[in-house]
Amino acid sequence: MKILRSTFTALLLFAASTAFCQTADEIVQKHVKAIGGADKINAVKTVKMTGKLSSQGMELPMTMYVKLPHSMRTEITVQGLSIVSAVDSKTLSGWYTNPMSGDKSAQKMNQEQAVAMQDQCDDVLGPLTNYKEKGGTIELIGKDDVEGTEVYKLMLTKKNKDVAYYYLDASTYLVVKETSKVKFQDKEIESESYYSNYKTIDGITFATTQEEKEGGQLQSQIKIEKIEVNVPVDESLFAMPVKAEEKTDPKKESK
């Protein structure tokens, strides 16, 4: 009887470990289905979001344009002036303008900043969507708890070897939290993003509230008020503006 019991226990452990290994992909599949399904997600070509960014006691209007796969532009209005950052899929480079600094001309992003913004663009429809095609691998760490919600904790290793952790609600399979380490001015900062208030627009489910925390302290909050899918988005929005002196025809100047 003891031998049979031991054998039965071993079989249960084997079955449990096999199920555990398969669970990571199953969870991702359920997540993709929860946000709209692969067909609807892959049919999305453009996204426009408008809302407000709250930070340091200020509430700032913001607009984001995305043209998949790699073009993205964000505009934040501060005291009537627009701070813009963008990446262009044609050149795979990024640029920004910050008139608050006293210089209204467009400046080129460094490669690290441009790559980070491209990653944001790729992830606008969900960081786990098409992760294999993006060169990533996924691993199930186990179950966890996020502010009273039971979640699955997944570790995504991206193509560039960066690692991020995603916490999916165990009942809805929607992402409620993301943690990652980002480099800023040669320093590595651990960031926490919390997602909530999901809404379905044209069959795709988006989080309309995002909170950024560091060390448990709220740093900023984004509330999306309007989402438009597959609307016309002009390519010129992503192209780096040409400086006035570069527009000048040198032949005319020589006359």
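The legends below describe close-up views of a predicted model. Local features need pLDDT of at least 70, side-chain atom pairs count only at pLDDT 80 or more, and totals for chains, interfaces and linings use all residues. Residues are numbered from 1 along each chain as its sequence is written, and side-chain values use heavy atoms, with hydrogens and water left out.

**View 1. The whole protein chain.**
The protein chain holds five helices and 13 strands. Helices (H or I, at least four residues) and strands (E, at least two) are DSSP runs, numbered from the N terminus. Of its 255 residues, 37% count as buried. Buried means under 20% relative accessible area, exposed over 50%, and partly exposed in between (1.4 Å probe, protein chains only). The protein chain exposes about 15,700 Å², and carbon and sulfur atoms supply 52% of that area. Accessible areas come from the Shrake-Rupley method with a 1.4 Å probe; for residues, only the protein chains shown count as cover. Take the contacts (heavy atoms within 4.5 Å) between residues at least 6 apart in sequence: 39% of them join residues at least 24 apart.

**View 2. The largest nonpolar core.**
This core has 39 residues. A nonpolar core is a set of buried Ala, Val, Leu, Ile, Met, Phe, Trp, Tyr and Cys residues joined through side-chain atoms within 4.5 Å. Met 49, Leu 125, Leu 128, Ile 138 and Leu 154 have the most contacts inside it. Helix 1 (residues 2–34) gives the most to this core, with four residues. Leu 154 is in contact with Ala 24, Ile 27 and Val 28, among others, leaving aside neighbours within four places in sequence. The contacts of Leu 154 also include Leu 128, Ile 138, Leu 140 and Leu 168. In soluble globular proteins, nonpolar side chains tend to be buried together.

**View 3. The aromatic pair, Tyr 152 and Tyr 173.**
A search of the whole structure finds one aromatic pair. The ring centres of Tyr 152 and Tyr 173 are 6.0 Å apart and the planes lie at 15°, so the pair is stacked. Rings of Phe, Tyr and Trp (its six-membered ring) pair if their centres lie within 6.5 Å; planes under 30 degrees apart count as stacked, over 60 as edge-to-face and the rest as tilted. The pair links distant parts of the chain, 21 residues apart. Tyr 152 is in strand 8 (residues 149–157), while Tyr 173 is in the loop between strand 9 (163–169) and strand 10 (175–184). Tyr 152 is buried, at 15% relative accessible area. Tyr 173 also counts as buried, at 15% relative accessibility. Phi of Tyr 173 is near 65°, a positive value in a residue other than glycine.

**View 4. Lysines over tyrosine rings.**
The charged end of Lys 177 sits over the ring of Tyr 167, 4.9 Å from its centre. The charged end of Lys 213 sits over the ring of Tyr 194, 4.3 Å from its centre. A charge sits over a ring if NZ of Lys or CZ of Arg is within 6 Å of the ring centre and within 35 degrees of the ring normal.

**View 5. Thr 208 and Thr 205 in strand 12.**
Thr 208 is found in strand 12 (residues 204–214), and Thr 205 has its place in strand 12 too. Thr 208 counts as buried at 7% relative accessibility. The backbone oxygen of Asn 197 lies 2.5 Å from a polar atom of the Thr 208 side chain. Beyond neighbours within four places in sequence, Thr 208 is in contact with residues including Ser 196, Lys 199, Ile 222 and Ile 224. Thr 205 is buried, with a relative accessible area of 14%. A polar contact of 2.9 Å joins the side chains of Thr 205 and Thr 200. A polar contact is a pair of N or O atoms within 3.5 Å; within protein, one must be able to donate a hydrogen and the other to accept it, and residues adjacent in sequence count only if both atoms are side-chain atoms.

**View 6. Lys 226 in strand 13.**
Lys 226 is found in strand 13 (residues 217–229). At 47% relative accessibility, Lys 226 counts as partly exposed. Lys 226 touches Lys 48, Met 49 and Thr 50, not counting residues up to four places away in sequence.

**View 7. Backbone details in two loops.**
The peptide bond from Leu 68 to Pro 69 is cis, with omega near 15°. Pro 69 lies in the loop between strand 2 (58–67) and strand 3 (71–78). Asp 202 has a positive phi of about 50° although it is not a glycine. Asp 202 is found in the loop between strand 11 (187–201) and strand 12. Asp 202 is exposed, with a relative accessible area of 57%.
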